[in-house]
Amino acid sequence: MSQSQDSFLPHWREVQAVQGTVVAPDERLPWPQTAAMGVQHVIAMFGATVLAPILMGFNPNLAILMSGVGTLIFFLVTGGRVPSYLGSSFAFIGVVIAASGYSGSGPNNNIAVALGGIVACGVVYVLIGLLVQVVGAGWIERFMPPVVTGAVVAVIGLNLASVPIKNMASSNFESWMQAVTFLCVGLVAVFTRGMVQRLLILIGLILASIVYAVLTNGMGLGKPMDFSGIANAAWFGAPALTAPVFTGPAMLLIAPVAIILVAENLGHLKAVTAMTGRNLDRYMGRAFMADGIATVVSGSVGGTGVTTYAENIGVMAATRIYSTAVFVVAALIALVLGFSPKFGAVIQAIPLPVMGGVSIVVFGLIAIAGAKIWVDNKVDFSQNRNLIVAAITLIIGTGDFTLKFGQFALGGIGTATFGAIILYALLGRSRNA
């Protein structure tokens with residue numbers, strides 16, 4: 001679509017949902033179908049975007065609101081050329097807890113100090129993006145070639161695998177409901193056609209929720225769905241805001257997370273490049289700056305640090321729809337959710353094991369997206385250097401290998417990210433690698 005290349009923002013060309021076709025970033029389906037896809041992306045990001053602030057003692061409704069704001073910032077800064085959704089980053093959890101001394105339950109009373117660190121991290125991230133924009137991304141790609149980025153993307157999915165399997169099913173019945181859920185998604189993915197197949201995550205979730213309601217509310221086999229929160233929630237209400245407080249220790253602790261966010265964003269860009277066949281390298285600096293600006297804005301009002309969301313990369317991999325129009329719609333829906341406790345209550349009424357079953361599918365698709373980077377870039381695993389880097393990265397990331405440096409703890413995704421970069425650099429010194 002040539003005219004979109006001559007304007008700052010794309011003029012999306014409307015296409016039809018034909019079986020097997022790819023919808024490019026500068027294309028879109030008819031608006032009703034685009035809106036439905038936007039809902040599916042909101043569903044995909046919702047669980048993690050809400051879970052991360054809960055684990056840090058932040059306001060989940062504000063996190064949803066700022067995910068929408070952040071996604072719109074990303075869309076504008078990248079000129080609408082990069083399909084991505086920005087949600088709460090799990091990379092901040094460990095350092096925020098350490099910096100704020102959060103006890104693990106209820107509101108975080110020391111949230112302001114953590115927010116100062118999050119803003120500082122966003123500033124560092126923006127500066128990295130500016131550097132990439134000025135001098136190019138070659139220096140990053142030398143440190144993070146396809147074998148590294150593929151491993152890091154795969155690890156993000158694999159590291160999160162224990163969340164739905166260990167934490168989102170507290171009984172045998174709920175484990176079976178997770179299985180029913182991913183079976184529903186699988187059946188929709190394989191045996192349906194057209195728009196229904198494109199909405200496999202959303203349709204599968206609805207079907208599994210109906211099955212859950214019949215078995216629990218109807219037959220008393222498990223914990224029934226609770227609709228009281230929907231009835232009691234207000235339609236509209238603005239979440240409370242909190243201003244950051246800047247302290248040296250918190251900023252030094254949290255700011256280095258920017259390196260992990262760079263690796264995540266780079267991996268996601270490579271994944272989308274592989275899936276769409278379009279080279280997005282020229283937008284890399286802008287993507288980093290956009291993510292950094294969104295993190296600064298979110299942290300400035302009380303929200304979590306944000307990152308491009310692998311969950312939504314997984315949805316794109318499954319649907320083959322990469323239209324940036326979908327993410328504008330998703331962002332607008334998130335804004336409505338952020339200002340409406342009623343809509344948030346509807347999503348929160350989805351049974352935890354059903355959300356867990358969907359998470360298993362989405363996290364698995366993220367892992368496969370990492371493997372796809374290897375395949376598409378023809379990574380040669382007959383070379384010991386590539387073999388060792390990928391093998392170690394996958395295991396330490398999946399096993400959540402953690403290293404502590406005083407008060408700073410680097411968890412599985414962080415150790416895998418830095419480990420992959422350092423291993424690749426060190427092993428490259430050998431001519432026999």
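**Close-up views of a predicted model**

The count of cavities of 30 Å³ or more comes to three in this structure, which is a predicted model.

**View A. The largest cavity and its lining.** The volume of the largest cavity is about 120 Å³. Its lining is made up of 13 residues. Of these, F90, I156, L160, E264 and T307 lie nearest the centre of the cavity. Helix α14, strand β4 (306-308) and helix α16 (310-319) each supply at least two of the lining residues. Sorted by class, the lining has six nonpolar, five polar and two charged residues.

**View B. The crossing of helices α7 and α14.** Helix α7 spans residues 146-159 and helix α14 spans residues 257-276. The axes of the two helices come within 9 Å and cross at roughly 100°. Angles of 65 to 115 degrees count as roughly perpendicular, and α7 and α14 are therefore roughly perpendicular to each other. On the side of α7, the contact is made by T149, V152, V153 and I156. On the side of α14, the residues in contact are A263, E264, L266, G267, H268 and K270. By class, this contact has five nonpolar, three polar and two charged residues. I156 and E264 belong to the contact, and both are also among the residues nearest the centre of the largest cavity.

**View C. A salt bridge between E27 and R13.** Side chains of opposite charge can pair when their charged atoms come close. The structure holds five salt bridges, one of which joins E27 to R13. The closest N and O atoms of this pair are 2.3 Å apart. E27 lies in strand β2 (residues 27-28) and R13 in strand β1 (residues 13-14). The pair, 14 residues apart, links distant parts of the chain.

How values were computed. Residues are numbered from 1 along each chain as its sequence is written. This is a predicted model: local features need pLDDT of at least 70, side-chain atom pairs count only at pLDDT 80 or more; totals for chains, interfaces and linings use all residues. Side-chain values use heavy atoms; hydrogens and water are left out. Axes are lines fitted to C-alpha atoms, for helices over the stretch in contact, and angles run from 0 to 180 degrees between N-to-C directions. Helices (H or I, at least four residues) and strands (E, at least two) are DSSP runs, numbered from the N terminus. Angles under 35 degrees count as roughly parallel, over 145 as roughly antiparallel, 65 to 115 as roughly perpendicular and the rest as oblique. Contact means heavy atoms within 4.5 Å. Ala, Val, Leu, Ile, Met, Phe, Trp, Tyr, Cys and Pro count as nonpolar, Asp, Glu, Lys and Arg as charged, and the others, Gly among them, as polar. On a 1 Å grid over the protein atoms alone, a cavity is a set of points where a 1.4 Å probe fits but cannot get out, and a pocket is an open set with protein on both sides within 12 Å along at least five of seven lines; lining residues have an atom within 4 Å of a point. Grid points are joined across faces, edges and corners, and a volume is the space filled by probe spheres set on the points. A salt bridge is a side-chain nitrogen of Lys or Arg within 4 Å of a carboxyl oxygen of Asp or Glu.
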